[in-house]
Amino acid sequence: MGPYIGYGALVLLGLFLIYTLIKAALFKPQKTETEPLPEEAVNAERAAARLTGAIQIPTVSYPDDNDVDWEQFKRFHAYLEECYPLIHKTLSRELVSKASLLYCWKGSDSSLEPMALLAHQDVVPVEEGTREDWEHPPFSGHNDGEMIWGRGAMDMKNHLICLMEAVETLLEEGFAPERDVYLCFGHDEEVVGGGDTGAMRLRMALEARGVKKLCCTLDEGGAMLPVNVKKILNSVLAGIGISEKGYADIEITVAQKGGHSSQPPRHTALGELAEVIRDLERHQTKAKMLPFMQSLLDNAGRKLPYALRLLACHHKLLRPLLTAVLSRIPAAACMMRTTTAVTMASGSPAANVLPEKASVVVNFRMMPGFTTEDVVRRIRRVVRSKRIEIKVLKQKEASPFSETASPAFDALGRLILNAHPGAIVAPYLVMGGTDTCFYEPICGHAYRFSPFLAELPLILCTHAANERIPVESLGEAVVFFKRFIKMLNA
């Protein structure tokens with residue numbers, strides 16, 4: 001029997017290899033029907049000029065409202081009114097809370113669920129001591145013909161201005177929507193844990209108008225990133241955000257008897273706290289390959305050379321191995337687990353004084369389905385010391401996953417492939433927070449995507465020195481927004 005078992009194993013192995021060779025040959029990008037769309041009129045020069053003007057108005061938000069220069073927001077509102085006369089003649093505009101704006105473009109069919117297009121007016125401050133790092137002043141809106149420079153160029157006055165350009169142009173062309181279209185522009189998105197006086201009040205204003213359910217929302221979050229790995233992959237990766245991670249700042253404190261540093265105990269409060277940190281970092285949450293990651297691997301794998309497709313076509317079979325490998329890469333691990341980042345620490349006020357209390361602040365970014373309460377329970381479970389005090393400083397729960405089987409998601413995918421044939425379009429988990437989460441009570445189809453093609457170095461300049469955006473991307477974005485509004489009103 002021995003030889004027959006061996007022969008049988010060889011036959012099975014041979015059949016598996018043949019199956020793999022055939023499967024890899026067939027593992028190619030799925031054909032999608034992308035009929036050419038009609039040309040769209042767009043005034044790209046006007047969009048660029050208006051973005052320059054928008055950047056020149058420093059609508060900076062701060063955690064303390066008393067630090068905010070509200071006159072700048074008033075200037076920005078007046079600027080929008082000056083730049084977009086048809087919008088302000090045709091749409092209603094309402095000031096919500098301190099500086100948020102709600103525009104309503106009435107549709108012809110009140111039975112249809114409205115759509116909401118989101119953006120935020122505020123930008124982050126320029127850090128002290130970094131102004132000299134800018135090639136052009138941060139609020140200059142300098143246009144050198146290739147890039148427009150300044151705070152808000154990428155996050156996200158580019159998005160807001162191109163959205164307004166799209167609506168203004170549609171009005172110039174005589175377009176009238178079937179469903180109500182809302183433009184919701186918050187004023188405090190950039191504040192950590194923000195949106196509660198901006199986006200939340202905007203949603204409440206919608207509810208007060210009788211809006212019980214939106215057909216979709218579209219906000220920032222996902223992006224289009226060129227990917228070029230020599231002889232392996234050359235494409236555009238377009239991630240459409242269908243959820244965003246939760247956020248929790250948690251302070252952990254250890255108390256000890258104080259005293260003079262000349263007579264220290266075996267462990268000071270800081271020393272004991274170091275053990276707490278070690279326990280947290282050693283016991284990361286389990287990484288999981290969720291469906292959106294599987295979709296990304298599937299779509300990207302189909303574009304690889306044949307030799308790599310031999311492996312990629314078995315990504316489901318290799319899921320445990322892929323999970324183990326990707327969980328060691330921070331950029332991938334953050335999409336597979338709740339992350340733990342120790343960010344702040346405090347102890348004694350003097351070098352020769354033993355700390356009576358030592359504290360550390362840990363930032364957690366929770367996966368959907370993992371709550372702040374789950375984080376607190378996990379801290380108590382993995383930290384060996386039971387003398388710790390835990391205090392939740394700030395929190396925002398993760399968003400539920402929006403469905404990918406919807407007219408809005410289909411429209412986004414179609415528009416991306418029309419602009420960039422062969423792009424890798426996949427659902428995506430947004431790492432940061434957006435205003436979208438505040439609309440979840442009235443919208444189950446919440447998407448996060450900005451139609452600006454940008455290289456990774458430009459994306460990394462967001463919130464940093466030399467924030468800038470390619471001029472040529474603005475016209476494409478205006479076309480994108482025009483078509484998206486039309487598709488959801490066809």
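Visitor: What stands opposite Ala341 in strand 12?

Guide: In this predicted model, Ala341 stands opposite Asn363 in strand 12. Strand 10 and strand 12 (residues 357-365) run antiparallel and are joined by 7 bridges.

Visitor: Why do strand 10 and strand 12 count as paired?

Guide: Pairing requires at least two bridges between the strands, and 7 bridges join strand 10 to strand 12, so the two count as a pair. They belong to an open sheet of 4 strands with the order 10-12-8-13 and antiparallel pairing, in which the twist averages 20° from one strand to the next.

Visitor: What makes strand 10 and strand 13 edge strands?

Guide: Each of them, strand 10 (339-346) and strand 13 (389-396), pairs on one side only.

Visitor: Which helices pack on this sheet, and at what angles?

Guide: Helix 7 (residues 269-282) lies across strand 8 (247-255), strand 10 and strand 12, running at about 15° to strand 12. Helix 12 (residues 372-382) touches strand 8, strand 12 and strand 13, and its direction makes about 155° with that of strand 13.

Visitor: Why are the buried residues of helix 6 said to line one face of the helix?

Guide: The buried residues of helix 6 (residues 199-208) are Ala199, Leu202, Arg203, Ala205 and Leu206. Seen down the axis of helix 6, these buried residues fall within an arc of 155°, so they line one face. Their cover includes strand 1 (92-96), strand 2 (100-105) and strand 5 (181-186).

Visitor: Why is Asn466 called buried, whereas Ser97 is called partly exposed?

Guide: Buried means under 20% relative accessible area; Asn466, in the loop between helix 14 (456-460) and strand 16 (468-470), has 13% and therefore counts as buried.

Visitor: What is the omega of the cis peptide bond that joins Asp155 and Met156?

Guide: Omega of that cis bond is about -15°, and Met156 has its place in the loop between strand 4 (147-149) and helix 5 (157-172).

Definitions and conventions:
Residues are numbered from 1 along each chain as its sequence is written. This is a predicted model: local features need pLDDT of at least 70, side-chain atom pairs count only at pLDDT 80 or more; totals for chains, interfaces and linings use all residues. Side-chain values use heavy atoms; hydrogens and water are left out. Helices (H or I, at least four residues) and strands (E, at least two) are DSSP runs, numbered from the N terminus. Axes are lines fitted to C-alpha atoms, for helices over the stretch in contact, and angles run from 0 to 180 degrees between N-to-C directions. Contact means heavy atoms within 4.5 Å. Buried means under 20% relative accessible area, exposed over 50%, partly exposed in between (1.4 Å probe, protein chains only). The arc is that of the directions from the helix axis to the C-beta atoms.
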